[in-house]
Amino acid sequence: MAPRAYWKGTLKLSLVSCPVVLYPATTAAEKTRFHMINRETGNRLKQQMVDAETGDVVESDQKGRGYELRKGKYVEIEPEELEAVQIESNHTIDIESFVPSEEIDQRYLHHPYYIAPDGKAAVDAFAVIRDAMKDQDRVALAKIVLTNREHIIAIEPLGKGLLGTTLRFPYELRDEDEFFGDIKSPKITKDMVELAGHILHTKAAHFDPSKFKDEYETALKALVKRKASGKKIELPEPEERPSNVINLMDALKQSLKGRGGGKTAAKSHARRATGRQRAAKKTHRSTARQRKAG
């Protein structure tokens, strides 16, 4: 059974248009979820809204929305007032521009969606837009309205279809200088950088998400299974945290040994050091000869 479409509308490139459907590209259906329960009865609990000052339970007809102007002072916004400023969807993805994919800062990427043609009649126009994008090797930027909010969506070819990723607005990103501004610039020796480079080389690989294992999710499922079968749960002893005081060069060398690359790296490092020494001696002899000739 085909999944239910999240959004239906039209994809437009100038005068070329075709009906399309959007499907969420991600799911949390397989995640282990827990409910709050009453320990005494085993019944599930339900939440109630409570007045923060009086402690009284607030009924649904008393609930409203308010924006906090200052501590404890709210301005109430009526439902019809919210509806008046909501953007009405015209169910159109109107492509406005095409940009090189490498220019999109990955921090802007938000939610991914699969975009597919809606019906057989849409396939030809859909294929034209998709294949033109493949030829140009660019990403389309368009506007789309989802749940009464306007979003910028980046669209690129993915297999036989298209991948649309909504983008965050600039105000949603924090300035990295707030977090990186106080990072010092220590003097790092070339030897340390070279050793770290060797470690990177030993861990070189290709991106393969099939190797990603959610160990916490696996442990949760095992815990639930054991608990449901009545087996005793053994709690592990807390591990001691290692000391944060380390010698950086020793740690780099030990990391290489642990990967089995210590000897090779040491030999390579020694060869480079010897090469530098020979070059220095050669330069010294050449300078000495020039002085004698002078």
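This is a predicted model: local features need pLDDT of at least 70, side-chain atom pairs count only at pLDDT 80 or more; totals for chains, interfaces and linings use all residues.

Residues are numbered from 1 along each chain as its sequence is written, and side-chain values use heavy atoms, leaving out hydrogens and water.

**Stop 1: the whole chain**

Show the cartoon: the protein chain has seven helices and nine strands (DSSP runs numbered from the N terminus, H or I of at least four residues for helices and E of at least two for strands). Of its 294 residues, 18% count as buried; buried means under 20% relative accessible area, exposed over 50%, and partly exposed in between, with a 1.4 Å probe and protein chains only. Among contacts (heavy atoms within 4.5 Å) between residues at least 6 apart in sequence, 64% join residues at least 24 apart.

**Stop 2: the largest pocket**

Next, select Val50, Asp51, Ala52, Gly64 and Tyr74, which of the 14 lining residues are the closest to the centre of the largest pocket. The space in this pocket is about 470 Å³. A pocket here is an open set of points on a 1 Å grid over the protein atoms alone, where a 1.4 Å probe fits, with protein on both sides within 12 Å along at least five of seven lines; lining residues have an atom within 4 Å of a point. The volume is the space filled by probe spheres set on the points, which are joined across faces, edges and corners.

**Stop 3: aromatic rings**

The whole structure holds three aromatic pairs (Phe, Tyr or Trp rings, the six-membered one for Trp, with centres within 6.5 Å; planes under 30 degrees apart are stacked, over 60 edge-to-face and the rest tilted). Select phenylalanine 169 and tyrosine 171: their ring centres are 6.1 Å apart and their planes at 5°, so this pair is stacked. Phenylalanine 169 is partly exposed at 27% relative accessible area, whereas tyrosine 171 is exposed at 65%. Then move to phenylalanine 207 and phenylalanine 212, with centres 5.7 Å apart and planes at 70°, so they are edge-to-face. Both of these phenylalanines are exposed.

**Stop 4: lysine 31**

Which residues does lysine 31 touch, not counting those up to four places away in sequence? Select Asp214 and Glu217 to see them. Lysine 31 sits in the loop between strand S2 (16-24) and S3. From lysine 31 to glutamate 217 it is 186 residues in sequence, yet 7.1 Å in space, C-alpha to C-alpha.

**Stop 5: two positive phi angles**

Most residues other than glycine have a negative phi. Aspartate 137 has a positive one of about 55°, and it lies in the loop between helix H2 (123-136) and strand S7 (139-146). Finish at threonine 147, where phi is near 45°, in the loop between S7 and strand S8 (149-158). Aspartate 137 is exposed at 61% relative accessible area, and threonine 147 is exposed at 64%.
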